Amino acid sequence: MALAACALLPMLTGLSGAVVQSGSMEPKISAGDVVLSTPFASDKAAPIGRVITFEAPEGSATSGPVLHRLVGAHSDGSLITAGDANASDDSAPLARRDIVSQARLLVPGIGLPVFWLKTGAFFKLGMFVLLTGAAILLDVAGAPRRRPPTGRPSTASRSDRRRPLAAVGATTLALAGLVILSPFAAPLGEAAAAFTARTSSIANSWTAAQATKLEFSSSPSDTTAGVSFDTQPIVEVQDDDGALVTLSAAAVTLSITTPAGAVLSCTDNPSSADSGIASFDGCMVDRPGTYTLTATSGTLTGVSTSFTIAAVPADRLAFVAVPSSSAAASAFATQPVVEVQDADGNTVSGGAEPVTLSITTPAGAILSCASNPVNSSGGVATFAGCRVDRVGDYTLTAISGSLTSAVSTSFTIVAGPPARLAFATSPSNSPGGAAFGTQPVVWVQDAGGNVTTGNNAVSLSLSNPAGAVLTCAPVNAVAGSATFAGCKIDKQGSYTLLAGSAGLDSATSSGFTITAGPAANLAFTSAPSNTAVGGVFATQPAVAVQDLGGNRVTGSAAPVTLSITTPAGAVLTCTTNPATAGAGLATFAGCRIDQAGGYTLTATSGALASAVSSPFTIAAGAASKLAFTTNPSDSTGGTAFGTQPTVAIQDAGGANTATGTNSVTLNITSAGGATLTCTQKTKPATAGVVNFAACKIDLAGSYTLTATATGLTSAVSSVLTITVGNPAKLAFTTLPIGSGGLAFSTQPAVAVQDAGGNATMGTNGVSLTISTGPVGATLACPGKNAVGGVATFTGCSLDKQGSYQLKAASGGLGSGISANFTITTGPAAKLAFTTSPGNTSANGVFAAQPVVNVHDAGGNLVTGSAASVTLTLTVPGGATLFCTTNPTVAASGIASFAGCRIDVVGTYTLTASSSGLTSTASTTFTITP
């Protein structure tokens, strides 16, 4: 029954069965074994290393279904199959589409009866049937029989006799069914490609094997360094018997057993086993040599057969990174990288080839790198610090021995930042002091010598001045070029120029020569020495004829004349003047000056530029007297002289000492009431001279000034005249006199004067205002026009008594302030309520009793008045005013009333009156019921 179950089981689980018909798969799979398979999905990868069922392809030695192992694949994608027991692969390649199923379960020997039947081994089949039948009969015969009860006849029923025969029949029928159905119970169909277990039928039990080792079912093929193996490694997880443990999904890792510096790389490493098989892809080793691979998974290991990695022959070079465009003399941002390749363009990583870079077409440009040549490493030569010094478009060429060279793609070198200067044009030879015929031009260059667009400020200087002076203004470069103009050198000689600019390397021009030019100017080579008045100079003057640069023109015989630059009355005498130059030099003798002072000499000669000597001093004798060297000019009163006086300290001979520091005082010789004012009337001399300032005389007249100084003879100026000037200010000539409120008894008068206080004939309009006085005082005074220079006022008055100053004003003139004067209290003229009655009831005494003052015309209290003052109702309307005393006599000008009341309700005012005085009315008040 167990054999029948094995035959029928595939139909119940979806497996298909096949009886092995030959020994081509021994020793693992033998003829008569039953292989159970699953259909193989069309989208799955070909299961290299697994047992599959397939239709024999055209050209095979057999036809129909075949059960063999898939061992590899051709480069065209066709598959290679082989029997495990066969010495060679199957003769015909297999197409992927012809795979029918993949073996999953092996049942050893169970299909032998079918194998015997199909192969005609009837003897073996008969013996199997006889032996099986005998075993069944023995089983039946040995079965216990039912015995009848004791004492009953031993008779068997019909049914009892038939049971053994039924068992035999049933067994025989089952056996026949097994034989007949076995070939058909699991018919061949499409199946998957790997076992899931290996089983054995021992004592009717099923056991699964355990993983104990790894085994390379496909070892790597020989190849070249850095190239993937044509045959990639496949590793099986096996048990002790070498059977595939198809249930394993272990992660398997490959490594080189003895790497010696070589590196193994794979697409995926580790790779997880699929049904006990770990397949690797893209594996390669980077160095030549003979190697084995070791597969590990936990404690499991396995070693491949050895294989050889050959060195790839290098054939050519190729740029894998080209220089980026960059600034001249600056390292490329992207540095060149050159690869050593085989003829197919694959990297040859085994050697260390020296690779040299150069500019393909340098045109004067220079390539520099940190190292050049560079030895390749792993087939790649990586350069660093490479740069090109000149602007332009370039390509690089890489060479290495006999290898085919490589040319990079084009890149551009642009000018870098300004780094240095260079003379594009050096100065030409020129005469001293004359602008160079060819003016210098300086370029602003980058570090590689390329002209930039910089606008840097460039200045020039002499590299070896030796006392010479270069005249040349700095220039800002335009588009990297600084063009100079007007540059020249004064002294003859040989020179170079130095160009400089902040932050840039300087440059030196080529040499050039400055020669002496034509006569252009004069110069003192020897100036007169200091001496005494009338004495011959100890050092006599000498004058050279020079070119524009100050070089002596030795061929000149020009006549040279000397004179005092600013003589101020002094006279220069020489033995010969003018003197003729000899070899370009005019030498004078016997020169002297007759007046003390500080001088310079001026040398002239025709059209030549004149020269002025350095200053020298002609000394005077001891200080003896004063002298006006500048007299004051005429002026108007109070106005500063147009020409201010200057006084010198002189010796007895009238020479200015030029050293005196005496204090000099200036006064009017005969003042006659006039006053002289100056910023300083007494002032110390400076170098023997006193310069007075802002001096003026106030009154008109004719005057002289006298200068005096202790110990020195005084000096008198020439006569000067002071006339009356234009109207400039006002001045009170008459002060007012009067009492409050009445026209002044003496009216004010104001004069129109010049700046010195002299009366003019001005007709200016003049007005008066209070300058100082009692608070609230009022001036009543109409303005007046001056007549004959005087404004005489009429009808002017002030109301309040007290002390005053008046101010006189007229447009454009300085105002005048009067002296203090007093306004007195006038005679009694009027009355004024200082207290008015307050509101009250009829016949009620006013709370505030009336008080009346006696005033003069200006409202001032007349304290001497004892006038009798009477109060009345201004409009009685039938009412009566009652007071204790009415009229009341004023005391010190004040009449104070008491007990006053009114008997009738109404609104009223009171009137105060006194004989001869102007009456006054109180403010309104109300009498209530």
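These are my notebook entries on what I looked up in this predicted model.

**Ground rules**

I number residues from 1 along each chain as its sequence is written. Since this is a predicted model, local features need pLDDT of at least 70 and side-chain atom pairs count only at pLDDT 80 or more, while totals for chains, interfaces and linings use all residues; side-chain values use heavy atoms, with hydrogens and water left out.

**Entry 1: the whole chain**

I started with the overall numbers. The protein chain has 4 helices and 90 strands. Both are DSSP runs numbered from the N terminus: helices are H or I with at least four residues, strands are E with at least two. The chain has 929 residues, and 43% of them count as buried. Buried means under 20% relative accessible area, exposed means over 50%, and partly exposed is in between (1.4 Å probe, protein chains only).

Accessible areas come from the Shrake-Rupley method with a 1.4 Å probe, and for residues only the protein chains shown count as cover.

Then contacts, meaning heavy atoms within 4.5 Å. Of the contacts with a separation of 6 or more, 60% are between residues 24 or more positions apart.

I picked β55, residues 616-619, to see where its side chains go. Phe 616 and Ile 618 point to one face and are buried.

Which strands pair with β55? Two strands pair if DSSP finds at least two bridges between them. Strand β45 (residues 531-532) pairs with β55 in the parallel sense over 2 bridges, and Ala 532 stands opposite Ala 619. Strand β52 (residues 597-599) runs antiparallel to β55, joined by 3 bridges. There, Tyr 599 stands opposite Phe 616.

**Entry 2: two open sheets**

I looked up an open sheet of 3 strands with the order β9-β19-β16 and mixed pairing. Its edge strands are β9 (223-224) and β16 (289-291), each pairing on one side only. β16 and β19 (residues 307-310) pair in the antiparallel sense over 3 bridges, with Thr 290 opposite Thr 308.

Another open sheet of 3 strands goes β57-β67-β64, also with mixed pairing. The edges here are β57 (635-636) and β64 (701-703), and each pairs on one side only. β57 runs parallel to β67 (residues 720-723), with 2 bridges joining them. Thr 636 has Thr 723 of β67 as its bridge partner.

**Entry 3: two asparagines in loops**

Asn 551 sits in the loop between β46 (542-546) and β47 (559-564). Is Asn 551 buried or exposed? I found it buried, with a relative accessible area of 6%. A polar atom of its side chain lies 2.9 Å from the backbone nitrogen of Gln 492. Leaving aside neighbours within four places in sequence, Asn 551 has contacts that include Gly 432, Asp 490, Lys 491 and Gln 492.

Asn 860 is in the loop between β81 (851-855) and β82 (868-873). Asn 860 is buried too, at 7% relative accessible area. Its side chain reaches the backbone nitrogen of Gln 801 at 3.1 Å. Not counting residues up to four places away in sequence, Asn 860 touches several others, among them Gly 740, Asp 799, Lys 800 and Gln 801.

**Entry 4: the salt bridge**

How many salt bridges are there? The count comes to 1 salt bridge, with the rule being a side-chain nitrogen of Lys or Arg within 4 Å of a carboxyl oxygen of Asp or Glu. The pair is Arg 69 and Asp 84, at 2.9 Å from N to O. Arg 69 lies in β4 (residues 65-73) and Asp 84 in the loop between β5 (79-82) and β6 (99-107), so the pair ties together parts 15 residues apart in sequence. Arg 69 counts as buried at 15% relative accessibility, whereas Asp 84 is partly exposed at 30%.

**Entry 5: a surface patch**

Last, I looked up a nonpolar patch on the surface, formed by Phe 123, Met 127, Leu 130 and Leu 131. Together they have about 470 Å² of accessible area. Patches are made of residues with over 30% relative accessible area and no salt bridge; like charges are joined within 9 Å, and nonpolar side chains (Val, Leu, Ile, Met, Phe, Trp, Tyr) within 5 Å. Leu 130 is in helix α3 (residues 122-141) and counts as exposed, at 60% relative accessibility.

Notes:
Polar contact = N/O pair within 3.5 Å; in protein donor to acceptor, adjacent residues only side chain to side chain.
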